[in-house]
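Visitor: Please take me through the charged side-chain pairs of this model, and then through the nonpolar patch on its surface. I would like a careful account of where the partners sit and how accessible they are.

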Amino acid sequence: MASWFALLVLLVAVVVSPMIRTALGAWIGCLWLVVCWFALARAKTVSWALTSGVFATGMPLALLIATVSLWVCSAAGVTPSDTAASLVVAPIVEEVLKLTPLAVLALAAPGRVRRFLVSDWIVLGVAAGAAFETVEEVSRRIALLTGRGSSLLDRLICPEGGVRQLKCNGASTYSLVPLSGASGNVFVFAGHAFVTGLVAGAIGLGIALWRRSRVHRGGYRAALRVLGILVPSWTLWVAVVDHMGRNDSDYVLWLHTGGDAPSWPVEVTASLTGYGHGRGAALLLMLALAWIIDTRTLWGGGYVSALESGNYGNRWGPWRWRVWAGVPRNAFGRFLADGACLVSVVGVEWRWAWMTLMEAAAFHEPRLLLTTPAKLRIAREEAARAELDPAPEQWWRVRLGGLCAVGVGVLVIAMVPDLTRSMADSLGEGQPFWLAQILDLLGAAWESLSWEQKLGLMLLAGAIILLSGGTLGLAFEVGMGVATVFGAARGAAAFIRDPRAR
């Protein structure tokens with residue numbers, strides 16, 4: 001009942017307000033990205049309920065991230081419109097705190113996180129990043145369409161209203177291709193969904209490398225463990241540099257810092273990684289690599305054996321063992337063995353789907369076709385449980401990892417005010433455009449609305465959360481939180497600009 005009411009609220013808002021209809025295109029685009037990457041991850045064990053729950057929970061978290069960003073700006077003595085804030089506060093605080101849902105999962109459900117495959121980390125990372133991108137892009141579009149988020153020159157050059165105005169002002173646009181959402185021509189930012197998906201996937205790869213090191217000894221074991229730490233750390237740093245470069249490069253590279261990167265490590269990283277280009281393709285390649293790694297894990301957990309024993313045959317298992325027996329015992333042989341694992345898993349899944357189709361046709365039960373993906377996902381989860389799940393007394397390792405991640409994140413954010421002040425001493429002001437500043441602009445728009453319009457926006461926010469996969473309680477809290485956050489946005493901005501006046 002609540003979902004139908006939420007859908008009604010959304011339809012009314014779309015029909016009544018052209019501005020909301022255009023702004024909600026960002027929510028639809030981000031939700032579509034999550035759906036597509038969920039479907040592309042063929043080795044995942046996470047359910048759509050968990051994925052959509054992360055997506056829905058990440059949207060109110062975006063408002064909390066904006067509040068923390070404002071607090072960090074205050075501690076650094078800068079305003080959200082300062083160049084130093086957009087180059088230090090926005091990239092570091094946002095890229096770190098977007099991973100909060102994954103850390104919370106590690107602390108609250110360590111057993112489930114222990115069974116995550118690399119594909120699972122990618123899917124949940126895309127969902128967490130898309131949630132933040134939804135809030136930022138919807139807010140950005142409302143600010144642009146109301147004329148509060150664009151300069152006088154942009155208002156003179158760009159057409160008024162509609163998607164063309166958004167494109168002219170540099171807002172992200174979306175299409176049916178799940179590799180879209182990038183913005184910027186000089187220094188491209190792939191979008192929070194792709195960037196956070198890469199970071200989360202790198203965390204999964206790091207965990208897989210650490211697990212792999214247990215079967216080796218000596219220097220090879222140490223190298224794998226070092227890589228297990230360096231891979232996610234490097235990917236997070238690249239995400240920060242991408243974010244920093246996009247905020248500092250509108251039409252010219254490093255526009256707001258006089259044509260030079262803020263520091264030489266930033267410039268070296270940006271040049272080595274292509275100035276933000278190719279992140280969508282990199283995420284797709286990471287997903288393909290995850291498919292290969294996860295396939296070996298599923299084989300070890302008895303995934304293929306379980307499917308074949310219940311599906312009228314046992315063909316792919318013996319074929320895989322014959323290939324393994326004939327490959328050379330070197331790196332190329334291991335590559336061929338992994339390929340055999342992947343081909344056999346795909347073969348048994350397609351055979352399972354074909355047998356289900358025949359059964360549905362024979363008994364005239366088309367609903368059986370809808371249950372096949374869920375059954376395969378559950379079988380993968382059981383295989384991952386058999387291969388990866390430790391005894392209950394070992395779950396403290398996952399919780400300890402989550403606590404360490406939280407501790408590192410807090411330490412990094414604690415360093416941001418000093419870094420921001422240091423950069424503010426050497427830079428002038430620019431025209432950044434990030435979530436904390438957007439909320440400042442929307443605070444003024446909120447104060448100009450009537451109580452009926454405010455009530456409608458509160459209902460619309462709750463409806464979006466509910467339709468995105470959130471609970472009714474979360475939708476109610478978000479709806480009430482919209483009034484609190486937007487109502488307090490101007491006060492927070494005023495406090496940042498003049499703390500002594502309050």
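Guide: What follows goes through the salt bridges and then turns to the nonpolar patch.

The model is a predicted one, and side-chain atom pairs are counted only at pLDDT 80 or more. With a cut-off of 4 Å between a side-chain nitrogen of Lys or Arg and a carboxyl oxygen of Asp or Glu, the count comes to 10 salt bridges.

One of them joins Asp 242 to Arg 279, with 2.6 Å between the closest N and O atoms. This pair links distant parts of the chain, since Asp 242 belongs to helix H12 (residues 218-247) and Arg 279 to helix H14 (residues 279-300), the two being 37 residues apart. Both Asp 242 and Arg 279 are buried.

Another salt bridge is formed by the side chains of Glu 382 and Arg 385, at 3.7 Å from N to O. Here the two partners are 3 residues apart in helix H18 (residues 367-388), which means that about one helical turn separates Glu 382 from Arg 385. Glu 382 has a relative accessible area of 41% and is therefore partly exposed, and Arg 385, at 32% relative accessibility, is likewise classed as partly exposed.

In helix H19 (residues 396-424), Arg 421 and Asp 418 also lie 3 residues apart, about one turn of the helix, and their closest N and O atoms are 2.2 Å apart in a salt bridge. Arg 421 is partly exposed, its relative accessible area being 34%, while Asp 418 counts as partly exposed at 48% relative accessibility.

Beyond these pairs, a network of salt bridges links Arg 112, Arg 115, Arg 377 and Glu 381.

Turning to the nonpolar side chains, Trp 234, Trp 237, Trp 264, Val 268 and Leu 272 make a surface patch of about 590 Å². Two elements, H12 and helix H13 (264-272), each give two or more residues to this patch, and H13 supplies the largest share, with 3 residues.

How values were computed. Residues numbered from 1 in each chain as written. Predicted model: local features only at pLDDT ≥ 70, side-chain atom pairs only at ≥ 80, totals over all residues. Heavy atoms only, no water. Helix = DSSP H or I, 4+ residues; strand = E, 2+ residues; numbered from the N terminus. Buried < 20%, exposed > 50% of the residue type's maximum accessible area, 1.4 Å probe, protein only. Patch = residues over 30% accessible without salt bridge, like charges linked within 9 Å, V, L, I, M, F, W, Y side chains within 5 Å. Areas by Shrake-Rupley, 256 points an atom, 1.4 Å probe, with all protein chains shown as cover.
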